Amino acid sequence: MGSKSIALIAHLMRRAGFGASYQELEERAAKGYEATVEELLDPAAHGTPPVDPFLMYRYHPMNEIPGAPPFGSMNVMYYMLTTKRPLEEKMTLFWHMVFATGNSKIDNPTEMNRQMRMFREHGLGNYRDLLARLAKDPAMIYWLDNNMSHKHAPNENWGRELLELFTMGQGNYTEDDVKMASRAFTGWTIKPKLPRAPYGRFLWEFDYRPEDHDGSEKEFLGRKGNFNGEDIIDIILEEPATARFMARHLYNFFVADEVQVPSWKDVPPRDPEAVQAIADVFVESDFDIKSTLRFLFNSDFFKDEGVWFAKVKNPAEVVAGTTRLVGDFQEPKPGVMMLTLEAGYQGQELINPPSVEGWHTGSEWIDTGALVRRVNFVAEMLGDAGKPGVKSIIDTLGARTVLSPEELVDGCLEMLGAIRVEEGTRRQLIDHVGSGGEVRRGSSEEEIRAFGQRVTEVLQLIAATREYQFA
Amino acid sequence: MALIQTIGERTYTYSHCVGSLFAFTAPSDLVLGAKGVAYVPSRGVDPGYPQGGLQRWSKWDLEDDVKIVDGGSQGFDDGQLIWPAGISLAPDGRVFVTDEYMNRVSVYADDGEYLGKWGEAGDAKGQIDGPTGIRFDAEGNVYVAESRNNRVQKFTADGRRLSAWGREGSGPGEFNMPYGLHIDRHGDVYVADWGNDRVQKFTPGGEFIAQFGSPGSGTGQLRRPTGVATDRDGDVYVADWGNNRVQAYDAEGDIITSFYGDARELSKSAVVFVSANSDFVKARKRADTSLEWAFRRPSAVAVNEDNQILIIESISGRIQVYQKEEDYIDPQFNL
């Protein structure tokens, strides 16, 4: 298997998944790049089973109807750790980051997890359908106050964010359009909620109240009519700005870091042609997300080595990706809570983004505290020779009798998912290994243990490199 | 679901409920002790939860709906619990709790004091891996189901192995992650064969007798059953955890009926909570409280000496109680 094809598959898996072990990369490379893309896009058609929720609930019963944060977000982390359908989960995270809804206000992790399930089940489907579901999602209705929006007193929160953050982006609509969209969604509310005690959380329910809906004529984005919410979504999708805005989101999430979303109206895309090409496919496919991603992953701009390691991993990727890499949580076990908290400590408390704008991404994931936290977390995981994935790396490298320092460093980089580091960094790693003398597995228990320590030491040093923090 | 169900010659009436979210936290089993007392292990929250894990077992006063005492706490040390699964009372009153993660059986006095443990992790004879259901027989020996070894082992009360049966599979006498276990008045052993969506019945020596249920959500079918109990007439009640119901079978395995939960009234402890919180009272007046009636993940069943069927729910932390009536006669109305 050529290392170039493995490196390309590794790039794909870092973006369309949470990374992959070297063994998985070899298996996927043997199947081929396009075949891997198809498998990721349509796991059900390829016989890849979903996460078994009953297995999760058996061992983590509080994941089903969680009462409070932080264990409310364990459900999401469990999926990221155990899924065999990584793109499905990556899209769940994508929509969570775009349609950012926060438990800080919802105060019902069970309802938030239902929203995440909706993203999981429909996130690779049709954008129009997803928007319609989102508009009826009880958590979103409560988050953006649409339950407070009435026929004679519309609340503009949902109408504004629908246009500004979920579809078109700033600069493509007027304040009057916000008002009209808000009027069109009046009457879209939720039924009275059952309290969280004494028997735990119950799901909320969407409720359409025609008597509280403003059915009068509205002028929205140049069209006139007695619009209801569905009409507003249809009109928004007729606007070219919508496809371009979502294309830029897809580029930002899957291809390369862009500036923060509020700057998009002022700063052109990093690769305008690529964004336009994604937008064109999005429109031509009638907003079919799977078709659009198929185009994106198979495009030259995605495969271009210039965008490899051009994205700072978000904390969920760091935590879930590293944990999957070391082969942990292949079977149910305690500890999902700690990993869930870890993502929060690194700056991404799942199901609780800081605002409707979502998390700021790219370099803003990194500050001094978060960087130390990220490096320490990864180093601790990779330094544990008892973890199956680490043991496998040690055994694979130990199959060779003697390793040069170059071979050990390059082997570790490859085993961690075909990571490419700057040549200066590589030389420093090699010099460090060289200063420790010959690298030999040996046969005695002591020699084998010493070899394992040398390997994990290199793995931990790689964890501290700039490149490991990038996808 | 009617509050009174008459099926053939049997009549069940819904009686009342006990407990709440504040009583039990993801309860995984239920056994009855002296009259009006229940013992319940709570699976709690994954380790790392800053406010504590809530793993424990509780001795509960079913009449007054109050806790008598708790035993255990979250942790890896002796006497603590990570994944408590099953609970059983020895003839001398000691409380035995399995821990599916720690691979041990922890022993407590009735007042909650930790007394000791047994069990060594592994798949050899006498070792245990993933202990779940546990029940004492009339002789004072104890049966333990093992979810990862896919077998049932019989031990003395101090953990000395006596016999075993079962292996991984879906044939008679084979298991897939077994959960709850029950011993009827004849000493026959019932195992909730979780991953195979069925309950298997064995002689005390482990000889296969029968199985109840098949995978699905139709009549008589089961989805990931977690608990079993029998009444004095020999009818069998299965916590059909995945389908949110309890299935009742006769001794031959024919389906009698299904219970879905009928808790129209709050339990005593729930009334205490709600009445002390006026905002909750107001919110409950606005909301549709019928959502509360149904079972949410019934995890275990027990039958008391009065032929009451007690069903505990993992999510709602509640026990719903049904009465199997004797000599029930339909009231006559002028229609």
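Reader: What does the domain assignment of chain A give?
Author: In this predicted model, the assignment for chain A lists domain 1 (4-46), domain 2 (126-307) and domain 3 (388-469).

Reader: And what separates the centres of domain 2 and domain 3 of chain A?
Author: Taken over C-alpha atoms, the centres of domain 2 and domain 3 of chain A are 47 Å apart.

Reader: At what angle do α18(A) and α19(A) pack?
Author: Helix α18 (residues 315-325) of chain A packs with α19(A) at about 145°, and their axes are 8 Å apart. The crossing is right-handed. From α18(A), the contact uses P315(A), A316(A), V319(A) and T323(A); from α19(A), it uses L339(A), E342(A) and A343(A).

Reader: How does that contact divide by class?
Author: The contact of α18(A) with α19(A) has five nonpolar residues, one polar and one charged.

Reader: Now the interface: how many residues of chain A are in contact with chain B?
Author: There are 24 residues of chain A in contact with 32 residues of chain B. Helix α19 (residues 336-345) of chain A gives the most to the chain A side, with four residues. That side of chain A comprises 18 nonpolar, three polar and three charged residues.

Note on methods: Residues numbered from 1 in each chain as written. Chains lettered and ligands numbered in written order. Predicted model: local features only at pLDDT ≥ 70, side-chain atom pairs only at ≥ 80, totals over all residues. Contact = placed C-beta atoms within 7 Å. Helix = DSSP H or I, 4+ residues; strand = E, 2+ residues; numbered from the N terminus. Nonpolar A, V, L, I, M, F, W, Y, C, P; charged D, E, K, R; others polar. Axes fitted to C-alpha atoms, helices over the stretch in contact; angles between N-to-C directions. Left-handed = near helix turned anticlockwise from the far one by under 90°. Domains from an automatic or database assignment.
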